[in-house]
Amino acid sequence: MIKWKELVYQLVVEFCNVRGKRTFTLQEFYSAHEDDFKQFKPDNHHLLPKVRQQLQLLRDDGLIQFLDGRGTYTLKGIELLKGEVEDEKVQEISIQTPEKREYLIETYARNRGWVKEAKEKLGLYCLYPTCQNTFKKPNNEPYIEVHHIISLYEGGEDAIWNLIVICAHHHKMAHFADSFTRQRLKTILTREVESRIA
Ligand SMILES: [Zn+2]
Ligand SMILES: [Zn+2]
């Protein structure tokens, strides 16, 4: 007999896979799976609080993260969502260190929800101040990469306040430079994003 917590975790993973994002609100998750919850416990008339409670238990287990003040949950860990990278690349990526894997996930991901959201809201040019690095792709769009300021494996979210659009050079710097440079870049990028989504 499956338990509440297992059911909620399974549905969270499914929900994130369908949307291509790890970050969600209680309300949107609950609305999408209300029928599943009703089917699971037809006699329970307090399903929303029950689901919220299970999400808290999953947080205590370290499986999801909840940031107070934003009202959002994030599925943690570095397990790949379906389609987070193109299938043929998954094998290669799974043998990498978490740091390298994070970079590869970001550079291979083209059509995930968070990539689209970042490009729509932050544009197609590197947000590192005064950076001019770009080139046109065959479809005439500027080439740009999307980066998580706090990486997914550190529990960062794929929500707009944690995303930045960045050129390939600065993106590599953000992942592979010495720790002083990386920290400095993180501070600069955080400020740039905050000024744009305020
Ligand atoms: Zn990155
Ligand atoms: Zn740049």
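Select K121 and E117 and show their side chains, which in this predicted model meet in a salt bridge with 3.1 Å from N to O. Both residues belong to helix α6 (residues 113-122), where they stand 4 residues apart, about one turn of the helix. If you colour by accessibility, E117 counts as buried because its relative accessibility is 15%, where buried means under 20%, while K121, at 49%, counts as partly exposed.

With the three residues shown together, you are looking at a network of salt bridges that links K21, E117 and K121.

Now step back and colour the chain by domain, taking residues 4-75 as domain 1 and residues 87-197 as domain 2. The contact between them draws 11 residues from domain 1 and 11 residues from domain 2, and the C-alpha centres of the two domains lie 27 Å apart. Between them, domain 1 and domain 2 bury about 900 Å², of which 44% is on carbon and sulfur atoms.

How many salt bridges are counted between domain 1 and domain 2? The count is 1 salt bridge, and across this interface there are also 6 residue pairs in polar contact, with both residues at pLDDT 80 or more. To see which elements of domain 1 face domain 2, select α1 (4-19), β2 (64-67) and β3 (72-75), each of which supplies at least two residues of the side that touches domain 2. On that side of domain 1, the residues divide into 6 polar, 4 charged and 1 nonpolar.

Two further salt bridges are worth a stop, out of the 8 that a search of the whole structure finds.

Go to helix α8 (residues 179-197) and select R196 and E192, which lie 4 residues apart there, about one turn of the helix. Their side chains meet in a salt bridge at 2.7 Å from N to O.

A salt bridge joins E34 to K38, with the closest N and O atoms 3.5 Å apart. Here E34 counts as partly exposed at 27% relative accessibility, and K38 also counts as partly exposed, at 44%.

For the last stop, select N44, which is found in the loop between α2 and α3 (47-60). N44 is partly exposed, with a relative accessible area of 22%. Show the backbone of H46 as well, and you will find that the side chain of N44 reaches the backbone nitrogen of H46 at 2.6 Å. When residues up to four places away in sequence are not counted, N44 touches W4 and K50. Finally, draw a distance from the C-alpha atom of N44 to that of N139: the two residues are 95 residues apart along the chain, and these atoms are separated by 53 Å.

Conventions. Residues numbered from 1 in each chain as written. Chains lettered and ligands numbered in written order. Predicted model: local features only at pLDDT ≥ 70, side-chain atom pairs only at ≥ 80, totals over all residues. Heavy atoms only, no water. Domains from an automatic or database assignment. Contact = heavy atoms within 4.5 Å. Buried area = accessible area lost by both parts, 1.4 Å probe. Salt bridge = Lys/Arg side-chain N within 4 Å of Asp/Glu carboxyl O. Polar contact = N/O pair within 3.5 Å; in protein donor to acceptor, adjacent residues only side chain to side chain. Nonpolar A, V, L, I, M, F, W, Y, C, P; charged D, E, K, R; others polar. Buried < 20%, exposed > 50% of the residue type's maximum accessible area, 1.4 Å probe, protein only.
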